[in-house]
Amino acid sequence: MKTTKKVITLDEFIYERERDFPFATGELSGLLRDIGFAAKIVNREVNKAGLVDILGTTGISNTTGDEVKKLDLFANEQFITSLQVSGECCGIASEEMETFLPINTEDAKNAKYVVTLDPLDGSSNIDVNVGIGTIFSIYRRQSFFGPCTLEDFLQKGSRQVAAGYIFYGSSTMMVYTTGNGVNGFTLDPSIGEFCLSHPNIKIPETGKIYSVNQGNFLKFDQAIKDYITYCQSEDKTTGRPYSLRYIGSLVADVHRSLLYGGIFMYPASKGAPQGKLRLLFECFPMSFIIEQAGGKASDGQRRILDIQPTELHQKCPVFLGSTQMVEKVEEFIRQAREASAASATPGSAVTA
Ligand code: P6P
């Protein structure tokens, strides 16, 4: 008789993994479940987006009479509501909000976790049916009790307790880590559950794909231009030229890099000295996931998770993906810096 494989839902997986932590008290599990729940609601709206004008307000009132809002604002509100009622989170910082939001309800104001959120990254892509995503991080609060503080959010990325993304693509997936590897769950709409589909994801040591907005090439530092030219050059031993794949939706580009291997880059450029991506809301969570899957995440010189943030919305150049590929671009950057330092050293002029 054909044995059917047991389907493990996200809730079952979270519960089973909680038993791995003898002192776990269930709050983190509750938070992850609440995020999964909000993701299902957002997914339903994202799937309808093609049928509803998502630019600005639609002028359509929903059943409760509220005006239907832009999808990313809807997503922001949905995740905030889900986290507020969970009682396990004392504050939220979101890419959609200038400052953080303390949750001061009786049972939440002393909760031990804070959450950072990019509620719908890449939302402009939805008009052309390109995959978009939600990105989140969970930290233990640093303040002891009462309303959360800015310092609760300005923690190094290495202090994340959990991080993940929901990818609203051809199927909807939730991929997350709590520091013990990375697991992927695919939403089965027929039962309304995220089911374990990609257990213990490991990123290949190297890859054949580089991902960068080639349109910015002329604005990059010379070292980055040289690395991109390296990727494009013929070399059979390293399988070059690599393929260029750039979707322009962070969750999609990272998800592909995670499963296939490769490198995703959003470097600094003329006019954007820190790149474009947000350190707290995009770089930290994606770096945690990539490292937990065996890859590497750098700002070109430093491990991204070691960076101490000073502002909620600060940006950071990012190079993440297969370890060997990130180390190669770091080598290009290091050699360029050493050459520049040498040429700046007095009396260092090279004689003919
Ligand atoms: P560019 C989407 O707007 C986003 O924030 C990320 O999802 C994506 O990686 C990046 O910007 C794309 O930026 O400048 O290449 O269009």
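**View 1. Burial of V212 in the predicted model.** In this predicted model, V212 is buried, with a relative accessible area of 1%, and it belongs to the loop that runs between strand 9 (209-211) and helix 4 (222-232). Leaving aside residues up to four places away in sequence, V212 touches F220, I228, L244, R245, Y246, M265 and P267. V212 and D253 are separated by 41 residues in sequence, while their C-alpha atoms are 9.4 Å apart in space. Because buried is taken to mean under 20% relative accessible area, V212, at 1%, falls within that class.

**View 2. The ligand and the residues around it.** The shell surrounding the ligand is made up of D121, G122, N213, Y246, G248, S249, L250, F264, Y266, K276 and E282, and these residues divide into four nonpolar, four polar and three charged. Y246, which is also among the residues touched by V212, places a polar side-chain atom 2.5 Å from an oxygen atom of the ligand. For D121, a polar side-chain atom lies 2.4 Å from a ligand oxygen atom, and for Y266 the corresponding distance from a polar side-chain atom to an oxygen atom of the ligand is 2.6 Å. Of the 400 Å² of accessible area that the ligand has on its own, the protein covers 79%.

View 3. Eight strands, in the order 2-1-3-4-5-6-7-8, form an open sheet in which the pairing is mixed. Strand 2 (101-102) and strand 8 (193-198) stand at the edges, and each has a single partner strand, so one side of each is left without a neighbour in the sheet. Within the sheet, strand 3 (residues 113-121) and strand 4 (residues 132-140) pair in the antiparallel sense over seven bridges, and V115 stands opposite I138 in strand 4. Strands of a sheet pair through backbone hydrogen bonds, in either a parallel or an antiparallel arrangement.

**View 4. H313 and its polar contacts.** H313 is located in the loop between strand 12 (296-298) and strand 13 (318-321). Its side chain reaches two backbone oxygens, that of M97 at 2.9 Å and that of E98 at 3.2 Å.

Definitions and conventions
Residues are numbered from 1 along each chain as its sequence is written. This is a predicted model: local features need pLDDT of at least 70, side-chain atom pairs count only at pLDDT 80 or more; totals for chains, interfaces and linings use all residues. Side-chain values use heavy atoms; hydrogens and water are left out. Helices (H or I, at least four residues) and strands (E, at least two) are DSSP runs, numbered from the N terminus. A polar contact is a pair of N or O atoms within 3.5 Å; within protein, one must be able to donate a hydrogen and the other to accept it, and residues adjacent in sequence count only if both atoms are side-chain atoms. A residue is near a molecule or strand if one of its heavy atoms lies within 4 Å of it. Accessible areas come from the Shrake-Rupley method with a 1.4 Å probe; for residues, only the protein chains shown count as cover. Ala, Val, Leu, Ile, Met, Phe, Trp, Tyr, Cys and Pro count as nonpolar, Asp, Glu, Lys and Arg as charged, and the others, Gly among them, as polar. Buried means under 20% relative accessible area, exposed over 50%, partly exposed in between (1.4 Å probe, protein chains only). Contact means heavy atoms within 4.5 Å. Two strands pair if DSSP finds at least two bridges between them.
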